[in-house]
Amino acid sequence: MLNFPKTLQDSADFLSLTLAHEWAIPSFEYKVKSNTGVNIQVTVLDTGIILFEPDVNNAAYVGEAKLKHIVLSCGIHGNETAPIELCASLIKQLLLGQIALAHRVLFIIGNPAAINQNKRFVEENLNSLFSNTAKQKQAAVNFERKRAALLESAVLEFYQQSANAEHRYHYDLHTAIRASKHEKFAIYPFLHGQPWQQEQLTFLKLAGVNTVLFANAPTSTFSYFSSHQCHAKSFTIELGKAKPFGENNMADFEAMQKALMALLTNKTLALAQFEQADFNLYEIHQRINKQSANFAFNFPETAANFTCFNPGELIAQDGELRYYAQHKGEAILFPNANVPIGQRALLTVKPYVFS
C-alpha cells in the first residue's frame with residue numbers, strides 16, 4: 001500500500017498525488033518547518049483538499065484575534081489549468097518550507113477526474129451543484145454531485161475554526177472558455193442586501209483584476225456557497241482564457257500570485273484608496289436559459305465576453321422566443337449554446353450604477 005505521507009514529503013507535489021488518486025486519498029497529517037523556522041501543520045483531508053496551519057508558537061503567528069481563514073480553490077472545471085498551476089506552485093512552496101505562513105489556508109483542487117480527462121466536467125458542471133443540498137441528496141450518484149457535497153463539508157468545517165466571519169476569505173480561481181474584452185474579472189456573489197466591501201475590490205485590483213461583476217440573485221456556484229452559507233468574503237475570479245497544461249504564461253498571473261503570497265504571509269498590502277474610475281463595474285441584467293434544441297446566438301462563436309450590443313439588437317433566439325439588448329452598454333458573458341436544455345446559456349450584464 002502506498003505510503004501517502006512519505007510520498008508527499010518526498011515529492012512536495014500535491015497536484016500529482018491528487019491526479020494519481022482522483023477518487024480519494026486517506027487523510028493524514030505531518031509538520032513542515034519553513035526555512036525561517038516557522039512550523040506549519042499540514043493536513044491532507046482528501047484528494048485535492050489540503051490544509052496548512054501555522055503553529056501558535058511561530059513568530060509569524062498573528063494570534064486568534066487577527067488570524068485569517070483563507071480558502072483558495074481551483075480546478076472546479078477540469079480544463080482551466082492556469083489556476084491549478086498557480087495553486088499547485090503555492091502548495092509546493094509551502095510543503096518545501098519556502099513560505100513563512102501566518103494564516104490558515106485551505107487549498108482545494110476541485111475536480112481531479114475532469115482534470116485527468118482535460119474536460120470541463122465528467123458528467124455534470126460542478127459549479128452548478130453548490131447550495132443545492134436537496135438535489136444532491138436526491139440524486140447523489142455521479143462524481144461531481146458527491147464532490148460538491150464533500151467540498152461543502154470541508155469548507156464548513158474549515159470555517160468553524162473562525163469565530164469572526166470578518167476573517168473568512170474564499171477566492172475561487174477560474175479561466176473562461178472564450179476570450180474576454182476584460183481579460184481578468186471577478187464575480188461578487190449576491191449579498192442579500194449586505195453592502196459590498198471596497199477593500200476587497202482594491203485587493204482584487206492589486207492582484208491584477210479591475211473588472212467586477214455584481215450578481216443580483218442567488219446562484220449554485222462555489223463562491224456563492226461560501227459567501228452565503230459561511231459569510232466569507234468570496235469571489236469567483238476569472239484569470240483569462242482556458243489553455244492546456246504547459247501553454248499558460250505564468251507571468252500573466254504574477255500580480256495574483258504576489259497578492260496571494262502577501263495575504264498568506266501577512267505582509268502589508270499596499271492597497272490604494274477605492275476610486276470608482278479605476279474599475280469596470282457591471283451588474284447582471286438578463287439570465288437566458290436554453291429552452292429548446294433550436295436555441296441559437298445572433299453573434300459569432302468567436303465573440304468575446306463583454307462584447308457590447310446596442311439597445312434593441314437581437315442577441316439570441318430560441319424557437320419563437322427572441323432576446324434583445326435592453327440597455328446602453330449591455331454586454332454578453334459566458335455564452336454557451338451547447339448546454340443542456342433548461343440550463344443557462346448566456347448572461348447579459350450592464351454597467352453598474354451607484355445608488
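The expected span of a helix is 1.5 Å times one less than its number of residues. In this predicted model, helix α6 covers residues 143-159, and its 17 residues reach 24 Å from first C-alpha to last, close to the 24 Å expected at 1.5 Å a residue.

**Helix α6**
- The N-terminal end of α6 is capped by Asn142, which places a side-chain oxygen 3.1 Å from the backbone nitrogen of Glu144.
- Glu144 is itself among the buried residues of α6.
- Other buried positions in α6 include Phe143, Arg145, Arg147, Leu151, Glu152, Val155, Phe158 and Tyr159.

**Hairpin β13-β14**
- Strands β13 (residues 314-318) and β14 (residues 321-324) run antiparallel and are joined by four bridges.
- Ala316 has Tyr323 in β14 as its bridge partner.
- Two residues separate the strands of this hairpin, and Gly319 in the turn has a positive phi of about 65°.

**Helices α3 and α9**
- The axes of α3 (residues 81-95) and α9 (residues 254-265) come within 11 Å and cross at roughly 40°.
- That angle makes α3 oblique to α9.
- The crossing of α3 and α9 is right-handed.

**Ala24**
- Ala24 sits in the loop between α2 (14-20) and β1 (28-33).
- The relative accessible area of Ala24 is 45%, so this residue is partly exposed.
- From Ala24 to Asp172 the C-alpha to C-alpha distance is 21 Å, with the two 148 residues apart in sequence.

Key: Residues numbered from 1 in each chain as written. Predicted model: local features only at pLDDT ≥ 70, side-chain atom pairs only at ≥ 80, totals over all residues. Heavy atoms only, no water. Buried < 20%, exposed > 50% of the residue type's maximum accessible area, 1.4 Å probe, protein only. Polar contact = N/O pair within 3.5 Å; in protein donor to acceptor, adjacent residues only side chain to side chain. Pairing = 2+ DSSP bridges. Axes fitted to C-alpha atoms, helices over the stretch in contact; angles between N-to-C directions. Parallel < 35°, antiparallel > 145°, perpendicular 65-115°, else oblique. Left-handed = near helix turned anticlockwise from the far one by under 90°.
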